[in-house]
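Please keep the sequence at hand.

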Amino acid sequence: MSKAGIGVTAFFLIGLGLAVANFLTREETTPTHSMEPPDLSEVEAGGPIVEVALPAAMSAEAQIGQRVFEAACADCHGTNATGQNGVAPPLVHITYEPNHHSDQAFLMAVRNGVRSHHWNFGNMPSIDGLTNGDVRSIIQFIRELQRENGIS
């Protein structure tokens with residue numbers, strides 16, 4: 001076997017050994033959240049799905065976003081994004097944390113609609129009449145609500 005072949009084989013065996021050692025010594029971790037929707041049988045139809053604490057102060061952009069959200073989104077997603085049982089999910093929920101649903105995902109949902117995939121409320125239609133700036137402000141509002149409620 002050539003020196004190069006020995007080197008490649010050694011590199012492979014060391015990598016394999018490290019992977020096995022990592023696997024054998026890792027700790028079991030609990031996922032941060034489940035993508036399964038919660039049991040809503042105890043929530044009245046049309047009632048809020050989650051309780052949302054409001055921040056003591058919000059950025060100027062989030063304040064604009066709150067006004068736009070209440071005008072364009074609250075009929076389905078509820079006041080302060082609490083969701084409405086049987087209508088639409090809460091956006092202040094671990095399912096929509098930034099590392100799972102990026103800001104771009106929110107923008108795309110508004111522009112293109114979304115097929116139902118985490119909740120059983122049906123598909124979300126696209127929303128007309130909102131500028132990208134409006135959606136960015138809504139996202140800022142949602143993210144500040146999420147942080148206040150322990151979702152980051």
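The model is predicted, so local features need pLDDT of at least 70 and side-chain atom pairs pLDDT 80 or more, while totals for chains, interfaces and linings use all residues. Residues are numbered from 1 along each chain as its sequence is written, and side-chain values use heavy atoms, without hydrogens and water.

The structure has 3 aromatic pairs, meaning rings of Phe, Tyr or Trp (its six-membered ring) with centres within 6.5 Å; planes under 30 degrees apart are stacked, over 60 edge-to-face, and the rest tilted. One of them joins F69 and F141: the ring centres are 5.7 Å apart and the planes stand at 55 degrees, so this pair is tilted. Because F69 belongs to helix α2 and F141 to helix α5, the pair ties together parts 72 residues apart in sequence. Both F69 and F141 are buried. W119 and F121 make a stacked pair, with 5.9 Å from centre to centre and 15 degrees between the planes.

The largest pocket has a volume of about 620 Å³. Of its 31 lining residues, H77, L91, A109, V114 and M124 are the closest to the centre. A pocket here is an open set of points on a 1 Å grid over the protein atoms alone, where a 1.4 Å probe fits, with protein on both sides within 12 Å along at least five of seven lines; lining residues have an atom within 4 Å of a point. Helix α4 gives the most to this lining, with 4 residues.

Technical notes: Grid points are joined across faces, edges and corners, and a volume is the space filled by probe spheres set on the points. Helices (H or I, at least four residues) and strands (E, at least two) are DSSP runs, numbered from the N terminus. Buried means under 20% relative accessible area, exposed over 50%, partly exposed in between (1.4 Å probe, protein chains only).
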